[in-house]
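Dear colleague,

Please find below the sequence and the structure for your review. My notes on the side-chain contacts and on the pocket follow.

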Amino acid sequence: NVIQLTLPLPEGVISLMSVPLYNSRTKALLSSFGCRASVISPELSETEVRQLPTGDGGYILPAYGRQRLMILTHCPMRTFLGLDKGKEHCTLCDAGKGCAGTCIEDSFHASYPLFPIRFEEGCRVHLMCDRKLDLSLFGPELMKKNISLLLTFTDETEEETERVLDCFLKGDSLSAEGKAGWKGRFTRGVE
């Protein structure tokens, strides 16, 4: 399962990752539809995040966890097995033979976990990043600027989840060396 938690949780209508916020024009448009808070695109750099208008706040920044890269409308396991019909009645995951708990590996040997979500018409499979985002070192400063942090938990144990929450709440680094882990595009932006 994919579980997302926002610290602190903004009030009102929130636009999620499906409609990411990129700039002040996006913020104005989403606000005109009644959104009080919006998830900032994980493609924005720290500099671009700081350039967002600060007057009304309402920002949520992905700060921890595996980021969703893609939603597949087909099951890679069903495709591999040559099953092209009957996906609405599929029981592969229930039988432990589906894509739940599996990964797709690329040519660089990076493993991208798959998380299927069952719907009446068949599964939607979330393809997640091979690495976990870690902006724990930036957390306290961002929260002081009224930016909420989005933490995404996928395959963490209960102990790991507690450790991540504790680090973000206390403003500690998740890394033993006292430096942030993989920072995604936050420190370098899109190249």
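K170 is exposed, with a relative accessible area of 57%; here exposed stands for over 50%, buried for under 20% and partly exposed for the range in between, using a 1.4 Å probe and protein chains only. Please note that the model is predicted: local features need pLDDT of at least 70 and side-chain atom pairs count only at pLDDT 80 or more, whereas totals for chains, interfaces and linings use all residues. Residues are numbered from 1 along each chain as its sequence is written, and side-chain values use heavy atoms, with hydrogens and water left out.

Salt bridges

K170 is joined by a salt bridge to D166, with the closest N and O atoms 3.3 Å apart; the term denotes a side-chain nitrogen of Lys or Arg within 4 Å of a carboxyl oxygen of Asp or Glu. The two residues are 4 apart in helix α5, which places about one helical turn between D166 and K170. Helices (H or I, at least four residues) and strands (E, at least two) are DSSP runs, numbered from the N terminus. D166 is partly exposed, at 36% relative accessibility.

The structure holds 8 salt bridges in total. Another of them pairs D155 with R66, at 3.1 Å between the closest N and O atoms. D155 lies in the loop between β8 (147-153) and α5 (158-170), and R66 in strand β4 (residues 59-72), so this contact ties together parts that are 89 residues apart in sequence. R66 is buried, with a relative accessible area of 11%, while D155 is partly exposed at 38%. Both residues belong to a network of salt bridges that links R66, K132, D155 and E156.

A further salt bridge joins R131 and D130 at 3.9 Å, N to O. R131 is partly exposed at 41% relative accessibility, and D130 is also partly exposed, at 23%.

Aromatic contacts

The count of aromatic pairs is 3, where rings of Phe, Tyr and Trp (its six-membered ring) pair if their centres lie within 6.5 Å, and planes under 30 degrees apart count as stacked, over 60 as edge-to-face and the rest as tilted. Y64 and F168 form an edge-to-face pair, 6.3 Å centre to centre with 70° between the planes. This pair links distant parts of the chain, Y64 being in strand β4 and F168 in helix α5, 104 residues apart. Both Y64 and F168 are buried. The rings of F138 and F186 have centres 5.0 Å apart and planes at 65°, so this pair is edge-to-face. F138 and F186 are both buried. Y64 and F168 also form one aromatic cluster together with F153.

The largest pocket

The largest pocket has a volume of about 840 Å³. Of its 37 lining residues, M17, P42, Q67, R68 and L69 are the closest to the pocket centre. A pocket is an open set of points on a 1 Å grid over the protein atoms alone, where a 1.4 Å probe fits, with protein on both sides within 12 Å along at least five of seven lines; lining residues have an atom within 4 Å of a point. Strand β4 supplies the largest share of the lining, 7 residues.

Yours sincerely

Key: Grid points are joined across faces, edges and corners, and a volume is the space filled by probe spheres set on the points.
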